Amino acid sequence: ERRRAYRLASSLASKWWIRRPLRAGRYVVLGGVLFASGREIGSIEYANDPVAKERELLEAVIRSAGGVRASVDGLHAIAALPPTKRTKRVDARVQPVVARCVAGARELARRRLEKAKASGVKRDIDEAQALVNKISRPWKAVVVGTPDGGLPFINAWVTALCPRTVFVTEALVEELDPTPDELALCIGHELGHLVCGHTEDRIYLKAMLAYAELILLAFLDPTGLLTLLGAMGFQNTAELFLAKYSRDNETEADATGLKIAALACYDVRRGTHFMRKLSEATGSRPTSWWATHPATEDRYADLRSSSLGVHENVYGSHCTAVGKALQRLVTR
């Protein structure tokens, strides 16, 4: 009986429709173990020394962007990246705008929670409450300086590695010279990515695509031409998918950023000129399938049309009420 069972098992194991699914299963399990181990190691390192780990991640993100100096909330927080007078000058323009936009983002989260409670849907309430809890914690604004003499690095970004942190380069402020309304639109856009959860979602999406590629390759002959073609085809398809996903995220962050800037009591109608300045400084190319951002001119046109309604509905009601409340306090 044992020999018969062994021969049957050997016969089944030699079949490709048995062998390859088993191999795919092993790859998935191994990938899951590695991913979980990485998360666990990162959690342990952070728990041992949160401050040092945050500083290490900040420095890694800044250096990956080519940064050689940085100001964190107006302070020299990273010894290896000392800020200069130029960095501090830019920081003085960025900090108040970030502070007001964070207040606008918190107001947006509060309104979403009220709307969710009114609907009575538990899942919506839990998600809105989690957003309020996340945004209510302290934020950082980091001004990054790149080496002098090269092409100006005009950029602002957020990353899942440093939650509740907004990075702005010196060149963005010095080259574009944005007004507070224009800078608020840029900062609001970046906060919009965090409010919508784009940074975290992208990490998990890339992990799932990597799993899918492993499963595909497990079913193909590792020595054949079909495997090479399959891998190349899958990678190109994944890149196209990620590019489309990124463009959709940018559009959503633009719309959310308008609301955040308006709730921060900035004039978003004037703020949209930031996109025109960005287009003139960096050039605008038609949107392609591989592009991670929509064409700047298209974004400018969409924001211009949307800003009128947002200014009337959000700024007109919220900021007028805030202004009246402040006026009553002053006159008491």
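## Basis

In this predicted model, local features need pLDDT of at least 70 and side-chain atom pairs count only at pLDDT 80 or more, while totals for chains, interfaces and linings use all residues. Residues are numbered from 1 along each chain as its sequence is written, and side-chain values use heavy atoms, with hydrogens and water left out.

## Overall make-up

The protein has twelve helices and four strands. These are DSSP runs, numbered from the N terminus: helices are H or I with at least four residues, strands are E with at least two. Of the 332 residues, 38% count as buried (under 20% relative accessible area; exposed is over 50%, partly exposed in between; 1.4 Å probe, protein chains only).

Contact means heavy atoms within 4.5 Å. Among contacts with a separation of 6 or more, 72% join residues 24 or more positions apart.

## Helix 4 against helix 7

Helix 4 (residues 85-119) packs on helix 7 (residues 180-196) at an angle of about 50°, with the axes 9 Å apart. The two helices are therefore oblique to each other (angles under 35 degrees count as roughly parallel, over 145 as roughly antiparallel, 65 to 115 as roughly perpendicular, the rest as oblique). Axes are lines fitted to C-alpha atoms over the stretch in contact, and angles run from 0 to 180 degrees between N-to-C directions.

Helix 4 contributes residues including Val94, Cys101 and Arg112 to the contact. Helix 7 contributes Leu183, Ile187 and Leu191, among others. By class, the contact has 13 nonpolar, one polar and two charged residues (Ala, Val, Leu, Ile, Met, Phe, Trp, Tyr, Cys and Pro are nonpolar; Asp, Glu, Lys and Arg are charged; the others, Gly among them, are polar).

## Nonpolar cores

A nonpolar core is a set of buried Ala, Val, Leu, Ile, Met, Phe, Trp, Tyr and Cys residues joined through side-chain atoms within 4.5 Å. The largest has 46 residues; Val94, Cys101, Val168, Leu172, Ile187 and Leu191 touch the most other members. Helix 4 gives this core its largest share, nine residues. Another core, of twelve residues, lies apart from it and includes Ile78 and Cys162.

Beyond four places in sequence, Val94 contacts Val143, Val168, Val173 and Leu183.

## Two single residues

Arg299 sits in helix 12 (residues 296-331). Its relative accessibility is 8%, so Arg299 counts as buried. Beyond four places in sequence, its contacts are His189, Glu250, Asp254, Met275, His293 and Pro294.

Thr179 lies in the loop between helix 6 (170-176) and helix 7. Its relative accessibility is 33%, so Thr179 counts as partly exposed. Thr179 and Arg270 are 91 residues apart in sequence but 8.9 Å apart, C-alpha to C-alpha.
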